[in-house]
Amino acid sequence: MKTKTISVVNHKGGVGKTTVTLNFASELAERGYKVLLIDFDMQGNLTKASGIINPDKIVETIALSMDKIIDGNPCINTKIFKTSISNNLDIIPCNVSLADTKLKLQLTIARETVLKRVICSIKRNYEYNFIIIDNAPTIEIDFQNSLVASDEVLIVTNPDVFSSAGMVSLLREYSKVKTYFSDDLKIAGVLLNNVDSRTNFTKGMVEVVKNKWKELKVFETVIPSSIKVKESQAMKLPIKTVDKNNKVAIAFSSFTDEYLKM
């Protein structure tokens with residue numbers, strides 16, 4: 001199986017990209033797939049959620065590997081960390097050091113391709129089925145790097161006016177990257193997260209998103225809201241590990257089924 005690289009995106013913060021990334025990845029890992037997470041947000045929330053201790057003190061981050069490329073080092077030995085979640089689930093951490101790397105990128109030749117070159121090196125040295133990149137809420141140079149490095153884009157959004165409205169600029173950037181760098185780049189689909197199906201407003205917004213973006217695949221599975229999500233985040237565990245019968249855990253399993261059948 002060819003390694004598939006997926007960028008989880010939305011340049012609006014607070015839509016739950018990190019939650020989706022972690023739970024989707026852990027579902028894949030549980031099914032026997034080898035999965036590598038790349039935390040590409042300097043807040044390091046995915047790193048923390050994966051059980052990495054003292055992430056702010058880690059030197060061997062994704063930023064360090066990108067710095068080696070920027071500095072012209074042809075031999076990259078990216079440090080990969082095991083997560084506490086599964087033997088099939090690894091991670092490359094991120095912290096505030098990425099801010100300096102973003103500044104360096106501005107003066108780098110072929111700056112949009114630096115992360116892709118790091119990932120190509122990883123693919124040569126490791127056998128992963130999936131590489132999943134958790135992105136910051138931005139459409140800056142790091143976002144462009146993530147898309148250029150990816151095979152697919154998974155858009156995570158909430159069923160509200162502001163989250164869905166922000167997709168316009170996101171899709172504009174996606175089109176630019178596809179045109180100039182990666183003609184094979186595809187949008188896997190739109191996943192609605194944190195859906196409170198009890199309210200008529202939310203039900204209406206789900207339909208609005210599906211109708212407005214009908215040229216895209218909007219996954220039939222929606223991820224419901226639940227207090228268990230915050231509990232699992234506090235415990236640094238996927239929701240399924242905390243409560244496998246919770247509606248969110250069941251939804252992530254259904255979403256993974258739907259994704260794998262595409």
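Over the face of which residue does K79 lie? In this predicted model, local features need pLDDT of at least 70 and side-chain atom pairs count only at pLDDT 80 or more, whereas totals for chains, interfaces and linings use all residues. Residues are numbered from 1 along each chain as its sequence is written, and side-chain values use heavy atoms, with hydrogens and water left out.

**View A. A lysine over a ring.** K79 lies over the face of F81, at 5.3 Å from the ring centre; a charge sits over a ring if NZ of Lys or CZ of Arg is within 6 Å of the ring centre and within 35 degrees of the ring normal.

**View B. The ring pair of Y33 and F130.** The ring centres of Y33 and F130 are 5.4 Å apart and the planes stand at 75°, so the pair is edge-to-face (rings of Phe, Tyr and Trp, the last by its six-membered ring, pair if their centres lie within 6.5 Å; planes under 30 degrees apart count as stacked, over 60 as edge-to-face and the rest as tilted). At 24% relative accessibility Y33 counts as partly exposed, while F130, at 2%, counts as buried (buried means under 20% relative accessible area, exposed over 50%, partly exposed in between, with a 1.4 Å probe and protein chains only).

**View C. The ring pair of F255 and Y259.** With centres 6.5 Å apart and planes at 45°, the rings of F255 and Y259 form a tilted pair, and both residues are buried. Ring pairs link F255 and Y259 with F24, Y33, F130 and F219 into a cluster.
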